[in-house]
Amino acid sequence: MARVQIIGSGNAFNMDGRAHACYLIESDLLLDCGASSVLRMQSLHVDLSFIAGVLFTHFHGDHLAGLPFLLLNYKYILKRSESLTILGPRGIQETCERLLELTYPGMTFEFPIHYFEIIPGRDVAFRDKTIRGMPVTHRPESLGYRITWEKDSSRRTFAFSGDAAYDSQLFELVRGVDLAVVELSLVENDGSVAHVALSEVRDGSLRSQRVVYSHVYDELANLARMEGLTVAEDGMILEF
Ligand SMILES: [Zn+2]
């Protein structure tokens, strides 16, 4: 079975103790790394040394700001020597380097860091996985991802929305995949924020898919469960 672990099921506010956005694909690809991601990975006993790549959806701190602490861990605790690949939307290298320079000025790393900019709609090979970034409506740089790899002789595709509005781009991203993690941020949406609301999901556009909703807080999670939706928890392992 292919495996994705929910590291952080929370939104930007860490409500109800949920960690910021972070998902572990098999054991070697981290998808988003919000500010509290290393804390949660440590409490879940994730082996950070297996991570070979970190893939970012957009540059908000609840998805990105854990990177300095991950790199700090590699430098001082794990004394990493293997290279790390950081992938993300246009501007990924400049954004990460600015973040690192602001938080730990002048810090250098003994392991190579390779940056890779994802061009929407184009497949990128990363180890045994194929990654395709697709635009979603949230920030100008925002990408959702479809990640495909082979497990037990069958090809499995996983989709992750990052933060996204409930619109045709999101539906296109998750169409036909084996498993999708989709953000859920609100009970109702008056149209002023580019996030998914429970009231929107009721239209059933995603019902034919296996979808796990994440980026939540407990009250919203409980309401969603009462409507039959599957909701993420920190540490939850998804097999598909
Ligand atoms: Zn977010």
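Reply: Gladly, and a definition comes first: buried means under 20% relative accessible area, exposed means over 50%, and partly exposed lies in between, with a 1.4 Å probe and protein chains only as cover. This is a predicted model, in which local features need pLDDT of at least 70 and side-chain atom pairs count only at pLDDT 80 or more, while totals for chains, interfaces and linings use all residues. Residues are numbered from 1 along each chain as its sequence is written, and side-chain values use heavy atoms, with hydrogens and water left out.

Me: Is D62 buried or exposed?
Reply: The relative accessibility of D62 is 8%. Buried means under 20%. Because of that 8%, D62 counts as buried.

Me: Which residues coordinate the zinc ion?
Reply: Donors are N, O and S atoms within 2.8 Å of the metal (3.2 Å for Na, K and Ca), and sites may look incomplete since water is not among the atoms. Here the donor atoms lie at 2.1 to 2.2 Å from the zinc ion. They belong to D62 (OD), H63 (NE2), D163 (OD) and H215 (NE2).

Me: How many residues apart are D62 and H215?
Reply: Helices (H or I, at least four residues) and strands (E, at least two) are DSSP runs, numbered from the N terminus. D62 is in helix 2 (residues 61-64), whereas H215 is in the loop between strand 12 (211-214) and helix 7 (218-226). The pair links distant parts of the chain, 153 residues apart.

Me: Is H215 buried or exposed?
Reply: H215 has a relative accessibility of 6%. With the cut-off for buried at under 20%, H215 counts as buried.

Me: What is the geometry of the zinc ion's site?
Reply: Four donors count as tetrahedral if all angles lie between 85 and 135 degrees; four count as square planar and six as octahedral if opposite donors are over 155 degrees apart and all others between 65 and 115; anything else is irregular. The 4 donor atoms of the zinc ion make angles of 89 to 155°. The site is irregular.

Me: Why is helix 3 largely enclosed by the rest of the structure?
Reply: Its buried residues include L67, P68, L70 and Y74. Helix 3 is largely enclosed because the buried ones number 8 of its 11 residues.

Me: Is L78 buried or partly exposed?
Reply: L78 lies in the loop between helix 3 (67-77) and strand 5 (84-88). Its relative accessible area is 37%, so L78 is partly exposed.

Me: Is L102 buried or exposed?
Reply: L102 is found in helix 4 (residues 92-103). Since its relative accessibility is 73%, L102 counts as exposed.

Me: In strand 8, which residue is the bridge partner of D123?
Reply: Strand 7 and strand 8 (residues 129-135) run antiparallel and are joined by 4 bridges. In strand 8, the bridge partner of D123 is R132.

Note on methods
Pairing = 2+ DSSP bridges.
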